[in-house]
Amino acid sequence: MGGRYPHMLLILILLHGANAAIDAPVEKWQTLDGRPPLVIARGGFSGLFPESSKFAYEFAMTASLPGVVLECDLQLSSDGVGFCRSGLTLDKSTLIAEMYPKKDKTYKLGSEDIHGWFAVDFTSDELINNVTVIQTIFSRPSTFDAIMGMYTLDDMAGLHPQQIWVNVEFDGFYRDHNLDIEDYLLKLPKDYPIAYISSPDISFLKSIGGKLKGRAKLILRCLADNVTETSVKKSYGEILKDLKSVKAFASGIMVPRNYVWPVNNNLYLLPPTSLVKDAHALGLEVHVGSFANDILTSYNYSYDPAAEYLQFINNPDFTVDGLMTDFPPTASGAVACLAHNEANALASNGERPLIITHNGASGVYAGCTDLAYQQAVKDGADIIDCSVRMSKDGVAFCLGSADLIASTTAATTFMTKVVTISEIQNKSGIFSFDLSWSEIQTLKPELTGPFAQAGLKRNPAAKNAGKFFTLPEFLHFAKSSNVSGILIEIEDAPYLATRGLGLVDAVSGALVNASYDKESKQQVFIESDDSSVLSAFKKFPSFKRVLTVGTIISDASKPSVDEIKEFAHVVMVTRGSLVKVNGFFLTGFTNLVENLHAANLSVHVGPLKNEFTNFGFDYFADPMVEIATYSAALVVDGIVTEFPATATTYFRSPCSDPTKNLTYTIMAAAPGALVSMVPPGALPPALPPAPLLEPADVIDPPLPPVSVSSPPEAAPKVADSSSSPPSSSAGSSFLFAQGVPFGSMDCAGDVWGRTFCWWRRSG
């Protein structure tokens with residue numbers, strides 16, 4: 001099984017091959033032994049491939065730190081061969097039910113009846129030759145299903161990992177079927193690199209402990225704190241109150257994340273427990289499980305999985321000894337690249353892309369509010385932005401959309417103002433230019449996020465926090481901050497002119513009043529999708545003019561590039577214009593950045609988001625891999641993001657410098673590497689190429705004069721579902737941008753207390 005893809009390991013080595021090692025960092029970790037925490041790959045790279053499969057283990061070894069520990073949940077066949085497969089039954093993670101439809105059984109596990117297909121009812125030959133493995137979590141690739149067989153512990157050891165972690169979950173069940181896991185482990189060759197044996201069963205650990213003679217460390221794997229351990233009849237929460245008793249039979253403990261950093265019912269972090277310090281004081285290691293990039297977690301992490309790993313290994317008080325994760329590359333990056341970098345200065349702008357906000361830190365607070373801008377400055381953004389809107393009485397202010405429904409509470413107050421204006425958008429809305437500034441000030445901001453309807457809310461505790469900035473207030477705030485520049489976005493200027501509102505004049509006047517026409521310390525970017533708007537700012541020679549290309553394009557023709565150079569210095573493009581995609585996999589890069597750079601035009605890309613539903617599989621559900629791709633592989637000049645903290649964390653890391661010779665680094669995605677491993681016919685037909693940008697797409701008519709007549713009639717619209725706040729359609733989702741159909745999102749929990757969510761594909 002899997003022999004059809006002998007080139008896989010070569011691809012992965014080319015993709016993530018380890019560079020020459022550098023000296024170990026001088027800073028001592030707060031682990032028990034002072035060494036960096038372990039990265040433990042649960043079933044290999046199970047966030048991408050079916051867990052405990054050949055591809056999962058091989059990828060974990062090549063895409064993670066050199067010392068990554070491969071974990072195996074041990075099961076035994078009827079003839080006593082050890083297989084790596086989590087859970088007790090096989091039907092949820094393999095296609096055994098299709099191969100042996102009549103061999104399901106029901107067995108007792110304690111007082112519970114368990115029905116399914118069990119390894120104890122099959123010989124090793126039957127399992128190896130006839131049973132293939134599948135992905136168990138539906139948000140992860142199903143394209144690798146049914147192409148690999150079950151993997152034995154011998155198979156995994158044959159990959160020569162530095163260390164193996166064996167987890168023994170159901171020793172009593174196997175003994176009831178005349179199979180002895182303890183005897184199996186003791187008879188393994190002494191050169192097997194089994195460094196850790198864990199189990200939730202204290203009696204098993206005590207029994208095997210006296211026979212191993214120090215060949216492996218024994219770890220008590222604790223389940224949820226209210227679950228009872230069967231041999232001592234105490235809950236795991238009670239057991240850990242007496243760590244001295246654990247020290248008598250184990251070298252350490254493996255616990256779910258909430259044992260160390262608990263969260264409240266609203267998914268916000270509580271203060272850490274003393275568990276790590278207490279255990280370390282007794283000489284017990286503390287390993288933490290249940291990490292994954294594609295699960296619902298605390299809002300404190302803003303959907304950045306690296307931020308969560310750092311919370312456990314880079315806080316001032318303690319460092320856990322190991323991180324068990326479904327995504328070992330992300331944990332490896334946190335350990336090798338991101339920890340201990342808080343004091344590092346960001347490289348100067350010429351050595352990396354600019355970090356540009358999208359409505360401030362709008363992933364944390366409602367966009368374009370004082371709190372969003374304050375957070376952006378705190379997070380280290382280079383450029384903060386203001387999308388300028390106009391009230392009916394001519395006040396210019398910052399807001400992400402002219403439609404107030406999208407980001408304010410207008411729908412609860414001004415439903416009589418709902419209209420459809422086709423020049424602005426193709427759905428009904430409540431528009432800023434139909435309300436006076438005093439009316440707008442009665443509204444509250446509203447933080448929703450593009451995937452809120454899928455359950456991925458953003459900082460709900462601050463949903464309506466903050467206040468709106470007028471344009472002069474924004475400029476005053478920017479001048480008093482340490483940002484290196486501002487970006488002013490201008491939309492809908494031709495339409496507003498017909499309503500008697502001179503948006504270009506309002507922006508120009510505000511910038512002059514704030515002396516930005518004479519500013520030397522802060523760069524000014526003027527952004528618009530209208531060539532006439534940008535041309536109007538040629539009178540400010542120090543300003544950089546940015547053309548927005550909001551549609552997905554595959555490249556830009558030379559005539560269109562020549563036209564752009566007449567009025568712009570920078571081109572702002574969507575993510576879908578830089579990468580080619582088929583079935584959630586990257587298949588290649590476009591030549592757009594290269595061609596624009598050849599014409600001496602800079603390139604900005606965005607907006608970037610952190611939510612895991614936002615990524616193709618090649619990014620490993622890790623926003624830093626996407627940032628590394630745009631920075632190191634495509635070499636863009638600016639990254640527009642709703643989560644500037646994620647970008648600054650990456651660029652403070654030595655791993656953001658591709659010239660450094662590091663043991664491990666955060667690699668850019670390599671288009672085609674994963675899709676080449678997908679069996680023929682498993683992907684949908686490739687979409688046709690996106691169109692080429694042509695001159696007609698970038699040249700706009702001259703701006704009309706500002707009208708002093710009454711505004712044109714807007715078609716009234718009865719409020720309906722289309723006027724409710726947008727969610728999954730509101731952002732430029734990577735997957736939605738590629739035209740991939742989706743249905744609804746489902747969520748479910750696992751034994752670690754983790755909540756996974758997945759898209760249920762329509763059709």
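Let's start with strand 1, residues 38-42, and strand 2. They run parallel, joined by 3 bridges. This is a predicted model, by the way. Look at R42: it stands opposite E71 in strand 2. To get from strand 1 to strand 2, the chain passes through helix 2, residues 54-63. That β-α-β crossover is right-handed.

Now the other pairings of strand 2. Strand 6, residues 163-167, is parallel to strand 2, with 5 bridges between them. There, D73 has N167 as its bridge partner. Strand 3, residues 82-84, pairs with strand 2 too, but antiparallel, over 3 bridges. L76 is bridged to G82 in strand 3. Strands 2 and 3 form a hairpin with 5 residues between the strands. In that hairpin, G80 takes a positive phi near 80°.

Last item: a helix pair. Helix 22 is residues 623-633, and helix 23 is residues 644-651. Their axes come within 10 Å and cross at roughly 65°. The crossing is right-handed. Which residues meet there? From helix 22, P623, M624, I627, A628 and S631. From helix 23, T646, A647, T649, Y650 and F651. By class, that contact has 7 nonpolar residues, 3 polar and no charged ones.

Note on methods: Residues are numbered from 1 along each chain as its sequence is written. This is a predicted model: local features need pLDDT of at least 70, side-chain atom pairs count only at pLDDT 80 or more; totals for chains, interfaces and linings use all residues. Side-chain values use heavy atoms; hydrogens and water are left out. Axes are lines fitted to C-alpha atoms, for helices over the stretch in contact, and angles run from 0 to 180 degrees between N-to-C directions. Helices (H or I, at least four residues) and strands (E, at least two) are DSSP runs, numbered from the N terminus. A crossing is left-handed if the near helix is turned anticlockwise from the far one by less than a right angle, and right-handed if clockwise. Contact means heavy atoms within 4.5 Å. Ala, Val, Leu, Ile, Met, Phe, Trp, Tyr, Cys and Pro count as nonpolar, Asp, Glu, Lys and Arg as charged, and the others, Gly among them, as polar. Two strands pair if DSSP finds at least two bridges between them. A crossover is right-handed if, with the strands pointing away from the viewer, the path from the first strand over the helix to the second runs clockwise.
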